[in-house]
Amino acid sequence: MLENISPKVWAALVGAVGAVIGMTTIVTGLTWRQKISMLFAGMALAVLFTPIIVEWMQLPESWSDGVSALIGILGWAAVGKVLLTIQSADAWGLFADVVRGWFGRRS
């Protein structure tokens, strides 16, 4: 049965497992909605980048599952940190500084 699974589906499943591991150990403070989106981000990154990295690093094909899990973990963590940074950023303060800077140069 497992032999019939497409390599891309397999990479997505293993990437999802990696994303779940990253979710529980690396990034904290996200909502469930953000965690679900990060799960899909880990899966998508694993599907897209596993074949590229395996070929680029000339790894044996049997290592692709491990690479998928690592990409799921690291991809999820990177995107999660970006979300936390956006949450903690003072967007209004940044906007006000940009507008002040823009009008300050004109006068």
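Mentor: D97 has a relative accessibility of 47% and therefore counts as partly exposed, where buried means under 20% relative accessible area, exposed means over 50%, and partly exposed is what lies in between, with a 1.4 Å probe and protein chains only. This is a predicted model, in which local features need pLDDT of at least 70 and side-chain atom pairs count only at pLDDT 80 or more, while totals for chains, interfaces and linings use all residues. Residues are numbered from 1 along each chain as its sequence is written, and side-chain values use heavy atoms, with hydrogens and water left out.

The partner of D97 is R100, and the closest N and O atoms of this salt bridge are 3.0 Å apart; the term asks for a side-chain nitrogen of Lys or Arg within 4 Å of a carboxyl oxygen of Asp or Glu. Both residues sit in helix α4 (residues 91-106), where a spacing of 3 residues separates them by about one helical turn. R100 is exposed, its relative accessible area being 57%. In general, side chains of opposite charge can pair when their charged atoms come close. A search of the whole structure finds 1 salt bridge.

The structure also holds 1 aromatic pair. The rings are those of W102 and F103, with centres 4.7 Å apart and planes at 70°, so the arrangement is edge-to-face; rings of Phe, Tyr and Trp (its six-membered ring) pair if their centres lie within 6.5 Å, and planes under 30 degrees apart count as stacked, over 60 as edge-to-face and the rest as tilted. W102 is partly exposed at 41% relative accessible area, and F103 is partly exposed at 47%.

As for the chain as a whole, there are 4 helices and 0 strands, helices (H or I, at least four residues) and strands (E, at least two) being DSSP runs numbered from the N terminus. Buried residues make up 31% of the 107 residues.

Helix α2 (residues 32-56) contains W32, which is exposed at 63% relative accessibility. Together with I36 and F40, W32 makes a nonpolar surface patch of about 380 Å²; patches are made of residues with over 30% relative accessible area and no salt bridge, like charges being joined within 9 Å and nonpolar side chains (Val, Leu, Ile, Met, Phe, Trp, Tyr) within 5 Å.

The largest pocket has a volume of about 210 Å³, taken as the space filled by probe spheres set on grid points that are joined across faces, edges and corners. A pocket here is an open set of points on a 1 Å grid over the protein atoms alone, where a 1.4 Å probe fits, with protein on both sides within 12 Å along at least five of seven lines, and lining residues have an atom within 4 Å of a point. Of the 13 lining residues, P7, T50, P51, E61 and S64 lie nearest the centre. At least two lining residues come from each of α1 (7-25), α2 and α3 (64-88), and α2 gives the most, with 5 residues.

Finally, Q58 lies in the loop between α2 and α3 and has a positive phi of about 55°, although it is not a glycine. Most residues other than glycine have a negative phi. Q58 is exposed, with a relative accessible area of 71%.

How values were computed. Areas by Shrake-Rupley, 256 points an atom, 1.4 Å probe, with all protein chains shown as cover.
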